[in-house]
Amino acid sequence: METEDWFKLKRYPHIGEPLTIKDYKWVKEYVESKKSIKEHSFLPLIHKTIVSRKYRADTVNLIRNKKTGERKRFIDKPKVRHIYYASHIDSVVFSYYNYLISEQYRKLIETKNFNESIVAYRKIPIEIGSEKNKCNIDFAKSTFEFIKRNKNKKLTAIVADVTAFFDNLDHKILKKQWCKVLNKSSLPDDHYNVFKALTNLHYVEGDQLYNSYNGTMLVERGVPNSSNDKEVKRIEIKSNSYFKEKKAIAYCTKEEFLSNNLNLVISANNKIGIPQGSPISATLANIYMLDFDQEVYDKIDAIGGYCQRYSDDLIIICEQKYEDEIIKFIRDKVKNLAKLEIHPSKTAVYRFEEIDGVFKGFEIDEKSKKHNYNKCLEYLGFSYDGQRVLIKNSGFSKFYRSMKRSFKKSSSLSINSKNPDKSIFKSRLYKRFTHRGAKRKLIYHPSKEDKTVYIKTKKYYWGNYLSYINKANDSMKLLNGEKDVIKKQSRKFWSQFYKLMKFHDNKVNNSNKVNIS
């Protein structure tokens, strides 16, 4: 069935069962009814905390690994993100209104001179008429190309990160900009109800809701002697890390929640901020920054510079003589116009200039102006030193850690499996972590009329991290002197994969021998 892009089916557990394609007709009628949305009662969001470990090279003691020669790393303060998930019907409401306002935002911003400088959460064609859109690789590339085109000048690149961006959006500014995009003096009643749901935050801690049902969840299971029928039952699940594996679909029904769990609802009483994770939050963040984007672009354009904003990440490139002026200007506009903050620790300053006949990029300390020639510009997952573009090491480290976790989980499942053939399910690992799964392709599904005939869908298999590496390598090739510099960064992956496969194969085999004896 053909459906609109805003009708997105999700399977994460929430309050109430997930929607299915069978719900499309009534959901469409409901969300397109302004009266229904004006009166819609939003359920509380479910809160989840995502903690990302950060590794940093030891730049103080300069201790190196004796075998590899690489600097030893330490675990820095972890990055904590608070994500809020809407119930399935609420999520579709947010998604539909995201579609409405993003269309209006697109029409408005296309009339502005800063249109090409705002790049996050937008569909920007690679070229006019193309169905393919740009991604972070293209945005980073255009930034580095600007630097290279102006290598006859002494340049400064300022990379700034707005502190707790979504958590600190001013509600009055948001409402004003929302009205501006709709070209209204005040928000229509249906839009206002959506606005209130986002700015008057009510949520439930997922773990508390899970524990209130004694560690049980609603799951979907097949009915015996039936190939099509499904039934929902409540079963015990040891940990939330097994929700996906056990196919958990809900913590409880809406009726159960209203009867048993209203005491778990937390009112944030927030005067600022919107939840990160809803389908509409990203577009609202762009709308919020409209006035800021205009003033920054006008200022930078007047001095022949370059600016780009990717969500809360801002990069500005200008001649070195404007360096201090622009840093002060940006912080002033963020604070007084957007009511946000760019902390000095979230600002990095780099210079690009010719040194001994080589165009070189390096970091400088903002206050002391001391040079750090060992560190170069980092932006959108890439590093650029004026000579070549590389993927940041953190990206490769994250991929390798993911590979190790997957092998560990696969071997654990094999060892504890009830099946007599206790072997690792290798095809999935090969697909996810090697070149065998790196090819991007259109997905075909069997026809309902004739199962032997396969028809095109709108879905793609996007490959794995190696697909991303290959695309980045091809895009950055000209900047890298037509050399496969980025692809060479990934040359260790196959040997790492092979070592992990061998180790966990032995682990499973040894476990089987113990069980047999």
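Me: What do buried, exposed and partly exposed stand for?

Reply: Buried means under 20% relative accessible area, exposed means over 50%, and partly exposed lies in between (1.4 Å probe, protein chains only). R234, at 29% relative accessibility, counts as partly exposed, and E256 does too, at 27%. This is a predicted model, in which local features need pLDDT of at least 70 and side-chain atom pairs count only at pLDDT 80 or more, while totals for chains, interfaces and linings use all residues. Residues are numbered from 1 along each chain as its sequence is written, and side-chain values use heavy atoms, with hydrogens and water left out.

Me: How many salt bridges does the structure hold?

Reply: A salt bridge is a side-chain nitrogen of Lys or Arg within 4 Å of a carboxyl oxygen of Asp or Glu. The structure holds 23 salt bridges. One of them joins R234 and E256, with the closest N and O atoms 3.4 Å apart. R234 lies in strand 7 and E256 in helix 8, so the pair ties together parts that are 22 residues apart in sequence. Helices (H or I, at least four residues) and strands (E, at least two) are DSSP runs, numbered from the N terminus.

Me: Which parts of the chain does the pair K426 and D505 link?

Reply: K426 forms a salt bridge with D505, the closest N and O atoms being 3.0 Å apart. The pair links distant parts of the chain, with K426 in helix 13 and D505 in helix 16, 79 residues apart. K426 is partly exposed, with a relative accessible area of 31%.

Me: Which residues do salt bridges with shared partners join into one network?

Reply: The network consists of E323, D324, R351 and K369.
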